[in-house]
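Keep the viewer open as you read.

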Amino acid sequence: MRKRKRAVPFTLLLGMILMLFTGCGGGSGEQKGDKGNGLADSGLIKAGTGRFMEEEIALPSEVRRIKALRKLSDGSLELVGEADGTGTCFLLRSTDNGKKWNKTQIEGLGKDYIPCTAIAPDGKAVLLDYMREGAVKGKITDMAGKTKDVSFSLPDNEKGSENQIIQTAYDAEGNLVVLDLNGSLYEVTADGNCKKTYDVKGVTVRHFSIAGQFLFAVHEEGILVFDTKQKRALEAENVLDSLIKRNGQLVSMDTDRGQPLLMASGTKNDAIMLVWEEGIFHFTRGGSVLEQLADGSQTSLGGGTLILLGMAVMDDKNIFVAANDGEADKLFHYSYDKAAAAAPEKELTVYALDDSSFLRQAVKLFQKNNPDIHVNLEIGLSGDDSVTLEDALSVLSTNILAKKGPDVLILDGMPADSYIEKGILCDLTELVDEIDEKEGIFQGIKEGSKKDGKIYAMPARFLISVAEGDKDTVAAGGTLTSLAKRAEDLKKGKNSNRIIQKGSRTLLRDLYYADSATWQKEDGTLDQNALKEYLICAKQMYDPDPDGKDNDFQDKEFGDASFGGEKVGTCDSSGLISEDCQIALGSLAGIFDLQTMCSIEVQTKTDYCLMNGEKVKSYIPYLMAGVVEGGNTEGAKLFVRELLGSKAGNSASNGIPVNRAAYNAVCEEKLDAQNVKDKSSVGGTTKDGKDFGFEYVNLTKEDEDRFTKIVESLTRPAMTNRVIQEMVLEQGEKYLLGEQELESAVDAIQKKVNLYLAERM
């Protein structure tokens with residue numbers, strides 16, 4: 001899947017190149033799907049009766065991507081699917097709601113990526129290439145897979161323009177409608193004649209859907225409605241316009257496939273079906289309300305990670321939605337169950353300070369396996385409002401004391417030790433032992449999670465701190481002291497102004513995670529000597545890079561290295577290729593990051609080590625789950641078991657799985673990785689205008705075994721209390737910038753931390 005029109009810092013792009021996502025924050029204590037737009041209370045939506053149940057439909061094993069989906073005029077279901085990186089495409093047809101597929105290979109296609117595909121009512125399909133030299137070329141295939149060439153040009157396209165076709169669909173009469181980058185709609189007839197048929201009244205159309213004889217064109221302020229037979233604009237639908245105005249995310253189009261909102265015709269006149277992350281809805285033209293048929297939060301639709309690829313409404317009881325969930329294309333079947341309750345009877349509340357796509361995937365999996373329990377996911381810090389960390393923690397504590405708090409706490413950034421001391425969290429030792437016995441858990445992390453011999457909080461995933469560079473750098477990476485000395489030595493070399501290239505806050509945070517496991521004394525206070533040594537090393541690494549002070553975007557723009565709900569590693573190995581740095585250091589956030597690092601090292605001939613590993617074998621806990629005493633304890637423990645389990649943990653990004661079975665599975669996948677089959681590569685341009693890049697390579701068994709040995713050696717968690725971390729970074733930055741002396745910085749940190757600990761008791 002390729003991205004369009006999105007500026008992403010290269011260091012983050014590496015972590016996200018195969019992970020497309022659309023979500024951003026919701027308000028404190030609200031469902032992410034609502035995005036703070038108030039739809040639930042707006043009067044636009046009402047709940048339907050009964051319930052549509054979701055199941056994933058299996059496609060032939062060689063089909064990896066879904067390029068188009070449609071209900072044909074004869075009532076059958078057709079799908080255009082693509083194989084692995086070969087350009088091979090198939091027509092899949094089913095007459096029994098996806099139980100069996102008739103597969104036909106489409107002939108005459110090359111290996112080029114084909115961005116636009118559409119299926120006509122009679123089953124023929126068009127596959128269009130990128131526009132080149134003002135012309136759009138492609139193939140039209142019949143249902144037997146036989147193809148013929150198609151070519152057309154946009155009538156008002158300027159010569160030399162960088163315009164492109166970004167979406168295409170067939171109307172009910174079999175005419176092809178296309179949308180260009182400029183937001184204009186065109187109709188292409190069977191003989192290749194292209195004309196601007198639809199007057200969009202000067203607005204920029206971002207994407208469109210065709211439902212029966214109606215075309216719905218989404219723009220910034222609403223949705224234009226056209227009659228495709230008469231080619232004329234129809235009266236606006238106030239409900240649809242209000243939907244767009246309340247939820248601007250439904251306008252966004254930042255990928256060259258898929259949409260945030262899809263519409264299809266229902267089974268009755270003027271009936272329209274809509275799908276977006278909040279669920280599946282029915283609307284009658286001229287009506288005043290949308291009827292919710294399936295709640296997105298109870299299905300795979302919710303959570304902001306899906307890109308919708310197609311929708312087909314077969315009848316009143318069977319709806320198909322094709323989507324990419326961030327890792328793979330999938331086909332979901334929603335079938336109506338009249339006897340099912342419209343909503344689950346039980347409820348479970350999960351609270352986290354930060355959003356996480358992995359957490360949302362665990363919620364989806366849990367709700368599939370426990371359809372009688374609705375999970376209410378509350379996000380404390382959305383970034384879309386003025387809620388601060390202190391505000392969020394204060395409200396959370398008040399609710400817990402009033403017995404109105406959540407059932408599950410994701411303790412990342414929270415004062416977990418305080419909650420344990422106050423008896424807020426349940427003992428999870430038995431549950432963790434059970435998972436360990438069945439699937440395995442890394443023993444060092446299991447032991448590192450114990451407090452007085454018991455486990456009250458257990459991370460589902462973790463990150464590690466690494467240092468990369470030449471052999472002398474890796475030899476020095478075992479302690480911060482020797483790594484700082486290495487940075488000073490490199491400063492004396494020929495390329496003396498590009499050593500680490502990290503801004504003050506980013507560098508301080510990366511070193512904090514590598515070293516803080518050794519700081520805390522038994523009473524919770526910080527060791528003065530350890531704190532001082534950390535700041536001295538940070539200063540020695542910071543000073544050699546006078547032109548690297550603008551590299552703090554991760555702190556200012558993306559919070560705690562979280563990007564769109566994805567946990568992103570901060571070790572930018574690409575800098576070793578572009579020569580923007582000689583030492584790459586930071587966190588590694590998953591097996592995909594390991595593959596990226598090893599792929600780059602093929603070209604740079606560099607190596608890596610566990611940063612500060614000679615001093616402490618530390619890890620960064622992530623998605624650290626605890627169960628609140630006095631709540632829905634039974635349901636909460638079921639959820640934590642799912643979160644820590646092998647199925648939820650089977651993801652190559654968003655942290656390293658603590659579950660051994662999940663870890664083994666993702667490592668095995670990267671020994672024969674999909675991005676290698678697809679011949680994926682990453683490139684960029686340096687500040688000096690120099691092009692650079694690399695191709696992904698598979699991990700070797702040697703790579704896996706070496707990394708596993710490092711992971712098995714980890715024993716102590718880094719400090720994750722974000723209040724204390726902020727105190728350290730705030731005062732540490734003043735020291736790095738020369739605004740205060742070392743002793744003053746250490747003294748200020750200790751005073752602030754001690755006061756915080758005293759107030760917390």
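Two strands pair when DSSP finds at least two bridges between them. Keep that cut-off in mind, and remember that this is a predicted model.

With two bridges between them, strand 36 and strand 40 (residues 716-717) count as paired, because the cut-off is at least two. They run in the parallel sense. To find the spot in your viewer, look for Ser 618, whose bridge partner in strand 40 is Arg 716.

Strand 36 has other partners too. Strand 31 (residues 458-469) joins strand 36 through five bridges, and this pair is antiparallel.

Now for the charges. Searching the whole structure turns up 38 salt bridges. One of them joins Arg 206 and Glu 220, with 2.4 Å between the closest N and O atoms. That pair ties together distant parts of the chain, 14 residues apart: Arg 206 lies in the loop between strand 14 (194-195) and strand 15 (207-211), while Glu 220 lies in the loop between strand 16 (214-219) and strand 17 (222-227). Both ends are partly exposed, Arg 206 with a relative accessible area of 25% and Glu 220 at 47%.

Another salt bridge brings together the side chains of Asp 325 and Lys 330, at 2.7 Å from N to O. Is Asp 325 buried or exposed? Its relative accessibility is 16%, so Asp 325 counts as buried, the cut-off being under 20%. Lys 330, at 22%, counts as partly exposed.

Helix 20 (residues 742-760) holds a further example. Asp 747 and Lys 751 form a salt bridge, their closest N and O atoms 3.2 Å apart. Because the two are four residues apart in this helix, about one helical turn separates them. Asp 747 is partly exposed at 37%, whereas Lys 751, at 56%, counts as exposed.

Finally, salt bridges can also link up into a network, as they do for Asp 171, Glu 187 and Lys 231.

Methods:
Residues numbered from 1 in each chain as written. Predicted model: local features only at pLDDT ≥ 70, side-chain atom pairs only at ≥ 80, totals over all residues. Heavy atoms only, no water. Salt bridge = Lys/Arg side-chain N within 4 Å of Asp/Glu carboxyl O. Buried < 20%, exposed > 50% of the residue type's maximum accessible area, 1.4 Å probe, protein only.
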